[in-house]
Structure formats: C-alpha cells, structure tokens
Amino acid sequence: DAAAPLDEANSCTVAPELTEGPFYFDADSVRSDIRDDREGVAMRLTVRVQQAPDCTPVKDAVVSLWHCDALGSYSESGERYLRGEQVTDAEGVVEFVTIYPGWYRGRAVHMHLKVFPGGNAEVTTQLFFDEAFSDSIYEREPYSSVGERDVRIEGDMVYAEADSEGTPLMLTLKRDGDEVLAGGNIVIAS
C-alpha cells in the first residue's frame, strides 16, 4: 500500500518555508511517473497536504516536485526528467513514481517541493531522507559510482535552516521488494 508511509509520517507541524534550490521551472506537466530515462532504485512517493491547525486535507492543491538523478544532476530548461506536478485528491494526497534521489557536493539527500493550495498562495520546502537508509541505497550502482558523500544531514545548511524554524520534513521510508515506498505530510499554515 503506497499510502502506508503516511500513517507513520511526521506529526501535524507546519512545513518550514525553505530555499527553492536550483533548477526550478514550471514543467507545465501534470504527471505521476517522472522517471523518464533515469536509472536508479524505483521509489513511490506519497505526499499528503494538510492545513494547520487541525490537519484537514487540502483538496485540489498543485504539488510540484523535482530532484536530482542518481548521479546528482538536475534536468534543466528543455528537459523534464525527475520533475512533475500532481493535483491532490479529496484526502489531500498525491503520488509520484520516481527514483531514489542521488546527492551532489555540499548538500545532504533531499527533494524540492512546492505546494500551490489555491489563489496566489505558495509553499516552498524540501524533503529529507534518513542517512542510514540512504547509505544502504548508495551501495548500489549507479549511486556508488559517485563516491563518498561530503555532507550528511547534520551538516546540511538547508536542513539546519528548517530545524531552526520548526520541524524538517523527514520522509518515512520502507522497502517493498526492489522498490522504496516514501511518504510525508506537508502541513501548510492556515
């Protein structure tokens, strides 16, 4: 069940507003499978958008996701791999089919996320990954060809910023055969 990680995800805490990060662009593409031709460990990411203070589901919010590939590269203008958008259902849930993200110099493992709950409102944040879980993924190709990571979560500048403003968004991660199931709750301020 792809939604199972949501049941174990972080509590009802408003998502910290964080740096947008590199290479955001509007892909004009509502799609759930964002892998394109990228190699890596398959991952199903389920995100639930909720409204504070009582964590009611936010229906019809646009969730935009983008992240680097297994080798630490982002798609740029004219490309669209590992980026896409979904609209939340009545339960505030979207699901993306992607790969486990790689890493690049100076940052811990993360994904970028924007939520557009309606009107001109926008929330920009980042999703983070358990270090031990990432270590087990990075033992495999193509991840292992990149070498040893230079920054772990405790030294990541954006994670530190999130930690100072509230609770960083750590995804709940589980293995399901050769696939990773990931989930998290994005709580937006009322």
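Residues are numbered from 1 along each chain as its sequence is written. In this predicted model, local features need pLDDT of at least 70 and side-chain atom pairs count only at pLDDT 80 or more, while totals for chains, interfaces and linings use all residues, and side-chain values use heavy atoms, with hydrogens and water left out.

Helix α3 spans residues 157-165. Helices (H or I, at least four residues) and strands (E, at least two) are DSSP runs, numbered from the N terminus. V158, Y159 and A162 of α3 are buried. They lie on the same side of the helix, because they cover an arc of only 100 degrees around its axis; the arc is that of the directions from the helix axis to the C-beta atoms. An α-helix has 3.6 residues a turn, so residues three or four places apart point the same way. Buried means under 20% relative accessible area, exposed over 50%, and partly exposed in between (1.4 Å probe, protein chains only). M157 and S164 are exposed, on the face of α3 turned away from its buried side. The cover over the buried residues of α3 includes β7 (123-128) and β8 (169-170). Contact here means heavy atoms within 4.5 Å.

Both ends of α3 were examined. G166 follows α3 and has a positive phi, near 155 degrees.

The largest nonpolar core holds 37 residues. A nonpolar core is a set of buried Ala, Val, Leu, Ile, Met, Phe, Trp, Tyr and Cys residues joined through side-chain atoms within 4.5 Å. Within this core, L45, Y100, L127 and I186 touch the most other members. Two or more residues each come from β1 (42-51), β3 (62-66), β5 (93-99), β6, β7, α2 (131-137) and β10 (179-188). Leaving aside neighbours within four places in sequence, L127 is in contact with L45, L65, V109, H110, M111, L113, L169, L171 and I186.

Strand β6 (residues 110-116) contains H112. H112 counts as buried because its relative accessibility is 0%. Its side chain makes a polar contact with the side chain of Y74, at 2.8 Å. A polar contact is a pair of N or O atoms within 3.5 Å; within protein, one must be able to donate a hydrogen and the other to accept it, and residues adjacent in sequence count only if both atoms are side-chain atoms.

The whole structure contains 13 salt bridges. A salt bridge is a side-chain nitrogen of Lys or Arg within 4 Å of a carboxyl oxygen of Asp or Glu. R35 pairs with D33, the closest N and O atoms being 2.6 Å apart. R35 is partly exposed, at 29% relative accessible area, and D33 is partly exposed at 34%. K114 pairs with E122, with the closest N and O atoms 2.5 Å apart. K114 is buried at 2%, whereas E122 is partly exposed at 38%.

R149 forms a salt bridge with E131, the closest N and O atoms being 2.6 Å apart. This pair links distant parts of the chain, 18 residues apart. R149 sits in the loop between α2 and α3, and E131 in helix α2. Both R149 and E131 are buried. Salt bridges that share partners join E131, D135, R149 and R152 into one network.
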